[in-house]
Amino acid sequence: NLDPSSPNAHTVSLFKDGVRASKPQPIPEQLRGKALFPHVCYRNTTIHVNFGPSAMKELPFKCRLLGAAATADAVVAKDPTPKGGKCEVMLPVGFPDEGTFD
């Protein structure tokens, strides 16, 4: 929320089915005004995220989702294609009862 007159200024929030699922979390001072790249990290679960362009459920306020962000409000990162155009993929392999999750 970038509106300085809002009680939730400089915060991010998580919503589930249009309802706030957590308290607004303040964005650290050193990250304000910088490009933030959204990501989600969970273990042993499957999730579905919606970065836009429109919300799946109506929110209690009006906003643009990431997919509908204005060009002036977004930073487009360069494609990190390596020289030669070939990428390297590493897949971790773990065997049961061999200490993989210790």
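Of the 102 residues in the protein, 5% are buried, where buried stands for a relative accessible area under 20%, exposed for over 50% and partly exposed for what lies in between, with a 1.4 Å probe and protein chains only. The model is predicted, and local features need pLDDT of at least 70, side-chain atom pairs count only at pLDDT 80 or more, while totals for chains, interfaces and linings use all residues. Residues are numbered from 1 along each chain as its sequence is written, and side-chain values use heavy atoms, with hydrogens and water left out.

The protein has 0 helices and 4 strands, these being DSSP runs numbered from the N terminus (helices H or I, at least four residues; strands E, at least two). The radius of gyration of the protein is 19 Å, well over the 13 Å from the globule rule for 102 residues, so the protein is more spread out than a compact globule; the radius is taken over C-alpha atoms, and the rule is 2.2 Å times the number of residues to the power 0.38. Along the principal axes, the C-alpha atoms fill a box of roughly 55 × 40 × 30 Å.

The whole structure holds 1 aromatic pair, for which rings of Phe, Tyr and Trp (its six-membered ring) must have centres within 6.5 Å, with planes under 30 degrees apart counted as stacked, over 60 as edge-to-face and the rest as tilted. F15 and F61 form this edge-to-face pair, 5.4 Å centre to centre with 70° between the planes. Because F15 lies in strand β2 (residues 15–16) and F61 in the segment after β4 (25–26), the pair ties together parts that are 46 residues apart in sequence.

| Residue | Relative accessible area | Class |
|---|---|---|
| F15 | 23% | partly exposed |
| F61 | 36% | partly exposed |
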